Amino acid sequence: MARIKICSPGEYIQGNGEIKRLSEHAAPFGDKGAYIIVDSFIYKNYGQDIEGSFKADGRPYKVAVFGGECCQTEIKKHCAASTSYSVIIGIGGGKTLDTSKAAGYYNNMPVMIVPTAASSDAPCSRLSVVYTESGEFEDYLPLPKNPDMVLVDTDVVAKAPARFLAAGIGDALATYYEAAACVASNAVTMTGGHSTLAAFSLAKLCRDTLLEDGIKAYQAVLSGVRTKAVENVIEANTYLSGIGFESCGLAAAHAVHNGMTVLEETHKLLHGEKVAFGTITQLVLENCPSEELTKIIAFCKKIGLPTTFADLGIEGIDDDRLMKVAELSCADNDTMGNMPFDVEPGDVFSAMKAADFIASGIASPKIGARPAVADAKCTMSLRKLNMDEIKDLSSILSKYQEDFEIMSGKYISDAKSMLGLLNIDWDRGAELIIHRDDPALIKSIKKFVR
Ligand SMILES: [Zn+2]
């Protein structure tokens, strides 16, 4: 009888305003206080909330701002600095959380994980993904246990850019398809067991929740509000997907993601955005029915997940480079081997090309919650711009008759006006909404794209 196994964090807590109760949540781990690893952007915006409860309780704490990459150097730095505390708390995005988990493991300390976006399923897992200092996938670091606590403040997550929620949906959408592949191949998961019925049910519930509530949640977050759909999608992206992938296994979708990390152009994309394309590639590899494939591609397009080479920023990629992606995705230490049939690099190469071609032929415009967005020809995610670039963007757009809007979180303003552009919190990035079908215009704005 094969051994089955399900893993989960010690506690999963999701609610409004939980970040203001950090000290209370950290108390059971000991009286030496907390070593807090936090993203710089989050610290800037929520620093008072994070420190407030510790100050009020008189519990010791130290804040360490995350360096930006989950690499060996960063992990070692936090290991050395955290030994005199009772618990490590990681607050921020996937890489901050992975670094916190790895530091907790090496120091044999309890870990509290506080994701500030529902952008991946990393928070609940007993796994850190380690990258090189330049951002290439290095290896998975399996940990002996899951985080002791995962704490999600839904208000904080709902205020994160809608792009993050969409990326989390991309990551979580892969869970069911990869789990199904692992069940079919009787794969051994990273935690050393076969999948349980419970974990596979959660993976299926995850996909069903996303297809039912994903678009509603994306629209709500674009409008700057938290609804029941948002809460459901946060749970799906973080908990259902976390348990589902870890206790069932990963397969082609994540292997293709890892393969794509050799392409410098894709480094600006979020994990779940690349996984979304990996899922479509896996569906092509599996020769899934056209109806299902079209449904998934159309869903991804609606929430702005990349489905084509152009979306990934690798339009016109030459065959040699694409083959490198395919070869890396089939590496021995990756999860392509969990597919229920043999997959060679040539198969992945062909599936990626076919996925790009099929998706290019499916019309499903990205949705927006506002009337101004509804008739948009397209939207573009812009990176942080400096003052000269803001002036440049304003003068490019001013040449056209049509309106342009710039949107960041719940704020929307006139993108032709300097004042409108300066009102945007560029640290969060921004979406430019374009009401004109014009390749020359798109080309002139490409330099500002994230
Ligand atoms: Zn993932």
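Trainee: What share of the 450 residues of the protein chain counts as buried?

Mentor: In this predicted model, 50% of the 450 residues count as buried.

Trainee: Okay, contacts next. Among those between residues at least 6 apart in sequence, what percentage join residues at least 24 apart?

Mentor: That would be 78%.

Trainee: How many helices and strands are there?

Mentor: The protein chain has 18 helices and 12 strands.

Trainee: Let's talk sheets. What is the strand order in the open sheet of six strands?

Mentor: The order runs S1-S8-S5-S4-S2-S3, and the pairing is parallel.

Trainee: Which strands stand at the edges?

Mentor: Strand S1 (11–15) and strand S3 (61–65) do. Each has a single partner strand, so one side of each is left without a neighbour in the sheet. From one strand to the next, the twist averages 15 degrees.

Trainee: Over how many bridges do S2 and S3 pair?

Mentor: Strand S2, residues 34–38, pairs with S3 over five bridges in the parallel sense. If you want one to look at, Ala34 has Tyr61 in S3 as its bridge partner.

Trainee: Which strands does helix H2 lie across?

Mentor: Helix H2 (residues 40–57) lies across S2, S3 and strand S4 (87–92), and runs at about 175 degrees to S3. Helix H8 (residues 228–248) also packs on the sheet, where it touches S1, strand S5 (111–115) and strand S8 (149–153). The direction of H8 makes about 160 degrees with that of S1.

Trainee: Switching to H14, how far does that helix reach?

Mentor: H14 covers residues 345–360, 16 residues in total, and reaches 23 Å from its first C-alpha to its last. That is close to the 22 Å expected at 1.5 Å a residue.

Trainee: Which residues in H14 are buried?

Mentor: Val348, Ala351, Met352, Ala355, Asp356 and Ala359 are. Seen down the axis of H14, the buried residues fall within an arc of 135 degrees, so they line one face of the helix.

Trainee: Why would residues three or four places apart point the same way?

Mentor: Because an α-helix has 3.6 residues a turn.

Trainee: What sits on the face of H14 turned away from its buried side?

Mentor: That face carries the exposed residues Gly346 and Phe357.

Trainee: Last one: what covers the buried residues of H14?

Mentor: The cover includes helix H9 (252–260), helix H10 (271–285), helix H11 (290–302), helix H12 (309–312) and helix H13 (319–329).

Terms used: Residues numbered from 1 in each chain as written. Predicted model: local features only at pLDDT ≥ 70, side-chain atom pairs only at ≥ 80, totals over all residues. Helix = DSSP H or I, 4+ residues; strand = E, 2+ residues; numbered from the N terminus. Expected span 1.5 Å × (residues − 1). Buried ≥ 20, exposed ≤ 12 C-beta atoms within 10 Å, placed from the backbone. Arc of directions from axis to C-beta. Contact = placed C-beta atoms within 7 Å. Pairing = 2+ DSSP bridges. Axes fitted to C-alpha atoms, helices over the stretch in contact; angles between N-to-C directions.
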